Amino acid sequence: MAKVAFIGLGVMGFPMAGHLAAKGHDVTVYNRTGKKAAAWVAKHGGAHAATPAGAVKGVEIAFVCVGNDDDLRSVIYGDEGALAGLGKGTILVDHTTASAGVAREIAKAAAKQGVLFLDAPVSGGQAGAENARLTVMVGGEQAAFDTAKPVIDSYARACVLMGAAGAGQLTKMVNQICIAGLVQALAEGLNFAQRAGLDGKRVVEVISKGAAQSWQMENRGETMIDGKFDFGFAVDWMRKDLGICLDEAKKNGARLPVTALVDQFYAQVQARGGNRWDTSSLIHLLKND
Ligand SMILES: NC(=O)c1ccc[n+]([C@@H]2O[C@H](COP(=O)([O-])OP(=O)(O)OC[C@H]3O[C@@H](n4cnc5c(N)ncnc54)[C@H](OP(=O)(O)O)[C@@H]3O)[C@@H](O)[C@H]2O)c1
């Protein structure tokens, strides 16, 4: 069992840190809004600290799961940041979905003080975090991965080293690119079904057993037909992620015409007040135009 810290107890971090405690690891947490950290300790035991630097004192592995690149920098750098408290030979694992650039930047800063950094974004959503069924895509060095993996397995069903620093984030970008176009196609198909006078749920039932099957169809098809979006992966997060993908594509020359278009559709969902709606809310634009 390891002595670990977890920084960022949001929708994802709170249950992920909970699984670490349930597996018997000695967990100290930090959250910007202190009452969430107190609630976590009341539920899971362990300890909470007033700063990221305080939380990581004496740990072998520190985990982070915050919002975006700037949020990440604010809990990693500075006198109160995680790097200020981590000792030589420790491992810093970041589960935030962020850019490959910030992953490489932090890996470099960490290496200067003998800390090993792994960028390790996740897929599987809130349900995956709660049920310990996340997919973790990792960038960094093999030795750090080998040490961290058995601990990450507390909340993962798959955890794979993809390459050097930044490779985890690049893999997560591929994941988001694959989802974006697919959700739009599903929204168009289900809206078409309804306008054609078909029973949408029966359509999903039959075509989900054929070549059109997808996780989105099986898990979101019915709720899209019902117009329910108050759960799941928020549109604001998806826009952040697609922005990261589009920026990276400018650097590597990949063409992302559908992804860029779907990003604009999500901007329209935001304009309708859907910032916290699930990403399946693309169908709202088709049904309510
Ligand atoms: N939700 C999903 O389904 C899902 C799935 C896959 C990946 N992700 C990714 O996982 C990350 C976290 O998502 P989430 O849904 O857990 O988000 P969330 O519920 O909004 O939680 C964000 C966490 O980060 C903390 N935070 C944000 N900015 C901070 C800052 N500047 N300084 C210190 N702490 C800060 C928040 O602290 P406070 O409590 O003080 O606000 C909170 O603990 C994101 O990168 C997201 O894209 C999410």
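How far is a nitrogen atom of the ligand from an N or O atom in the side chain of Ser74? The distance is 3.2 Å. The model shown in these views is predicted.

View 1. The side chain of Ser74 faces a ligand nitrogen atom across 3.2 Å, N or O atom to nitrogen. Asp71 places a polar side-chain atom 3.1 Å from a nitrogen atom of the ligand. Val11 uses its backbone instead: an N or O atom there lies 2.9 Å from a ligand oxygen atom. The ligand alone exposes 900 Å². The protein buries 88% of that area.

**View 2. The shell around the ligand.** The shell holds 24 residues. Asn31, Thr33, Lys36, Gly67 and Lys240 come nearest to the ligand. By type, the shell divides into nine nonpolar, 10 polar and five charged residues. The largest share, three residues, comes from α4.

**View 3. The largest nonpolar core.** This core has 35 residues. Phe6, Val29, Trp40, Phe63, Val93 and Ile152 have the most contacts inside it.

**View 4. The surroundings of Phe63.** Neighbours within four places in sequence are left aside here. Phe63 is in contact with Val4, Ala5, Phe6 and Ile7, among others. Its contacts also include Leu20, Val93 and His95. Val151, Ile152 and Tyr155 complete the list.

Definitions and conventions
Residues numbered from 1 in each chain as written. Predicted model: local features only at pLDDT ≥ 70, side-chain atom pairs only at ≥ 80, totals over all residues. Heavy atoms only, no water. Core = buried A, V, L, I, M, F, W, Y, C linked by side-chain atoms within 4.5 Å. Buried < 20%, exposed > 50% of the residue type's maximum accessible area, 1.4 Å probe, protein only. Contact = heavy atoms within 4.5 Å. Near = heavy atom within 4 Å. Polar contact = N/O pair within 3.5 Å; in protein donor to acceptor, adjacent residues only side chain to side chain. Areas by Shrake-Rupley, 256 points an atom, 1.4 Å probe, with all protein chains shown as cover. Helix = DSSP H or I, 4+ residues; strand = E, 2+ residues; numbered from the N terminus. Nonpolar A, V, L, I, M, F, W, Y, C, P; charged D, E, K, R; others polar.
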